[in-house]
Amino acid sequence: MSRRGFLKLMLTVCLAAFATFSSAMAASAMGGSQPPLNEAAPAFTLSTNTGDGTVSLADYKGKWVVVYFYPKDFTSSCTLEARRFQQDLPKYNDRNTQILGISADSVDSHAEFCDSEGLKFPLLADTDGSVSKRYGSWMGIVALRHTYVIDPEGILRATFTGVNPAIHSTEVLAKLDELQANA
């Protein structure tokens, strides 16, 4: 087989593999199946560096909750996203909304990240990815950048995948305004 023939064969195999994997992932979205809208959000309790050491979704009954999953503390995009949520925290407070960040990082990493960035909302340690998996936001060893808006009754009302960290907080605030106006 000539070199050109071999390269064509390899390209064909790669394209076929990509097509197979991408169609399988499209069915459930990257990271797994998303929890259904307008149903109870998956419950969780995770360790955190704030308060009594754990946070449960049930702790926020009666409040809107924004749960955002992100890959890693101290990376540029994750830092930008966290800074934007912190910058807009008074706007979330005005909307009776709690921000919760979740990644596979440890409680100690979260504590350092909160201290270095001045974050005043909890970051939760999903070190085994179990919660990220239930939200369809797990990619092997890290959480994907997905966000979920949960109403005061614990019902999932909005999902964001394909998040742009630079504008995401603004998008979430706009969606909260829309959801609260229709509630």
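**Close-up views of a predicted model**

**View 1. Buried side of helix α6.** The residues of α6 that count as buried (under 20% relative accessible area, with exposed over 50% and partly exposed in between; 1.4 Å probe, protein chains only) are His168, Ser169, Val172, Leu173, Leu176 and Leu179. Looking down the axis of α6, these buried residues lie within an arc of 135°, so they line one face of the helix; the arc is that of the directions from the helix axis to the C-beta atoms. An α-helix has 3.6 residues a turn, so residues three or four places apart point the same way. Thr170 and Ala181, on the other side of α6, are exposed. Helices (H or I, at least four residues) and strands (E, at least two) are DSSP runs, numbered from the N terminus. The model is predicted: local features need pLDDT of at least 70 and side-chain atom pairs count only at pLDDT 80 or more, while totals for chains, interfaces and linings use all residues. Residues are numbered from 1 along each chain as its sequence is written, and side-chain values use heavy atoms, with hydrogens and water left out.

**View 2. Length and packing of α6.** Helix α6 comprises 14 residues, 168-181, and at 1.5 Å a residue should span 20 Å; its end C-alpha atoms are 20 Å apart, which agrees. The expected span is 1.5 Å times one less than the number of residues in the helix. The partners against which the buried residues of α6 pack are β3 (64-69), α2 (76-87), α3 (89-94), β4 (97-103), β8 (146-150) and β9 (156-160), where contact means heavy atoms within 4.5 Å.

**View 3. Surroundings of Ala158.** Ala158 belongs to strand β9 and is buried, with a relative accessible area of 3%. Leaving aside neighbours within four places in sequence, Ala158 has contacts with Leu37, Thr147, Tyr148, Val149, Lys175 and Leu179. Asn38 is 120 residues from Ala158 in sequence, and their C-alpha atoms are 8.5 Å apart in space.

**View 4. Two asparagines with positive phi.** Most residues other than glycine have a negative phi. Asn38 has a phi near 65° and sits in the loop between α1 (3-28) and β1 (45-48). Asn38 is exposed, at 52% relative accessible area. Asn96 has a phi near 55° and is found in the loop between α3 and β4. With 35% relative accessibility, Asn96 is partly exposed.

View 5. In helix α4 (residues 107-117), Ser109, His110, Phe113 and Cys114 are buried. These residues cover an arc of only 130° around the axis, which puts them on the same side of α4. Asp108 and Asp115 are exposed on the face turned away from that buried side. Packing of the buried α4 residues is against α2, β4 and β5 (123-125).

View 6. The structure holds 10 aromatic pairs, in which rings of Phe, Tyr and Trp (its six-membered ring) have centres within 6.5 Å; planes under 30 degrees apart count as stacked, over 60 as edge-to-face and the rest as tilted. Phe85 and Tyr92 make a tilted pair, 5.9 Å centre to centre with 50° between the planes. Both Phe85 and Tyr92 are buried. Ring pairs join Tyr68, Tyr70, Phe74, Phe85, Tyr92, Phe113 and Phe121 in a cluster.
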